[in-house]
Amino acid sequence: MTNQPYEPYEPYEGRQGQQGRHAQQGQQGQQGYDPYWQQAYDDPHAAQQYTQQWQGQTWETQMQAPVAPAAPAAADTAYLPPQGYEPPVYQQPVYQEPAPAPEPVAASSDYGPATLGGNARVTDAQRARLEGRSPIIEPGMQPAALTAVLGLLLAGAAAVGSYALLVPLVLLQAVTAAGWFRLNGMWPARQGIALAFLGAVVADVALLAADRSPSAILGTLGVWVLLCLVLQLRSHADPDERMYGLMATVTSSALAIVAAGYLAASADAVSVGAASVAVAVLARALPLPTPASVVVSLLAAAGAGIAVGGMTGLGAEGALLGAGAGVCALIGHRVAGYDYPSRFVHFTAGVALPLAAAAPAVYVLGRAIG
């Protein structure tokens with residue numbers, strides 16, 4: 001099928017004109033010359049404008065990717081700053097050396113001084129727990145030396161008489177009352193310390209009045225527990241704080257009153273027991289591993305019991321008394337080193353608790369041996 005060129009419609013052209021044009025086309029066909037087809041032969045692309053173009057959507061056009069529109073020229077999209085605009089001048093950054101990291105603070109064996117208002121910093125006990133270490137520090141050689149001095153004073157005063165023994169005993173009871181409150185973190189606690197020390201003095205007076213009968217100690221303990229309860233009931237603190245204060249006051253009073261057992265025991269037993277405690281605490285303060293130090297302390301206490309027992313008439317039985325007093329002294333020594341206490345605690349509870357804890361053993365074992 002041959003495509004024919006479009007013939008424009010001429011409504012005002014007469015019939016004669018149309019016949020004339022057809023006649024002219026017939027003559028050109030006879031001559032074999034057609035200007036339209038000659039142009040299409042010379043230029044194949046020019047023939048496309050005279051052919052019918054299909055603009056519908058076919059299967060081929062659906063499979064082919066659509067052609068993206070051409071990007072606008074760079075000159076049309078370029079940003080031209082306004083006249084008189086000066087771009088900012090960027091300075092090259094200057095390299096600064098990083099600040100040196102702070103040096104880690106080494107753990108120190110020294111303790112800060114005792115304060116009345118408390119210290120808000122992290123305590124050594126809290127730091128030890130966070131680091132997984134034991135929250136216990138041994139009192140050391142200086143408190144052990146003071147304990148030995150006080151023990152020897154008790155041993156020597158017992159040989160003199162009951163009233164001579166009363167002087168170092170009252171000193172021991174005062175240090176015991178103050179040291180226990182400070183060991184429990186309760187400072188100042190003037191009422192509790194005064195109440196505990198007053199109970200110890202009353203027990204001493206009752207012992208002397210009752211001819212050193214141990215019932216005076218038991219009676220004083222009963223009365224002072226009630227007084228401690230009344231004191232805490234009058235307090236306006238929180239219930240938890242009142243319960244904590246009640247336990248601390250009762251324990252401090254009990255330790256100070258029980259220390260009066262030296263006054264109730266025989267003079268020979270007091271001399272052996274106090275000397276054994278002094279030697280045991282000194283041996284415990286030596287720089288040895290803990291198991292070895294405990295064994296050496298007990299052996300030293302037993303040896304001191306034998307030596308002092310030989311001078312007082314107890315003989316070899318003094319070894320049992322010395323070993324028992326040494327065990328109680330080591331328990332008090334261990335309690336005084338709990339929870340990283342301050343140096344003030346070491347010089348109060350660390351000095352007094354070994355001797356105060358050994359007082360019941362001295363009385364019981366002294367009565368059993370004698």
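User: Why is arginine 334 called partly exposed in this predicted model?

Analyst: The relative accessibility of arginine 334 is 42%. Buried means under 20%, and exposed means over 50%. The value of 42% lies in between, so arginine 334 counts as partly exposed.

User: What makes arginine 334 and glutamate 138 a salt bridge?

Analyst: Their closest N and O atoms are 3.7 Å apart. The cut-off is within 4 Å, so the pair qualifies.

User: Which parts does this pair tie together?

Analyst: Arginine 334 lies in helix α14, residues 318-336. Glutamate 138 lies in the loop between α5 and α6. The two parts are 196 residues apart in sequence.

User: How do you know that arginine 284 also forms a salt bridge with glutamate 138?

Analyst: The N to O distance is 3.2 Å. That is within 4 Å, so this pair counts too. Arginine 284 sits in helix α12 (residues 267-284), 146 residues from glutamate 138.

User: Are arginine 284 and glutamate 138 buried or partly exposed, and why?

Analyst: Arginine 284 has a relative accessible area of 9%. This is under 20%, so arginine 284 is buried. Glutamate 138 is at 29%. That falls between 20% and 50%, so glutamate 138 is partly exposed.

User: How many salt bridges does a search of the whole structure find?

Analyst: The search finds two.

User: What makes Glu138, Arg284 and Arg334 one network?

Analyst: Their salt bridges share partners. Glutamate 138 pairs with arginine 284 and with arginine 334.

Note on methods: Residues are numbered from 1 along each chain as its sequence is written. This is a predicted model: local features need pLDDT of at least 70, side-chain atom pairs count only at pLDDT 80 or more; totals for chains, interfaces and linings use all residues. Side-chain values use heavy atoms; hydrogens and water are left out. A salt bridge is a side-chain nitrogen of Lys or Arg within 4 Å of a carboxyl oxygen of Asp or Glu. Helices (H or I, at least four residues) and strands (E, at least two) are DSSP runs, numbered from the N terminus. Buried means under 20% relative accessible area, exposed over 50%, partly exposed in between (1.4 Å probe, protein chains only).
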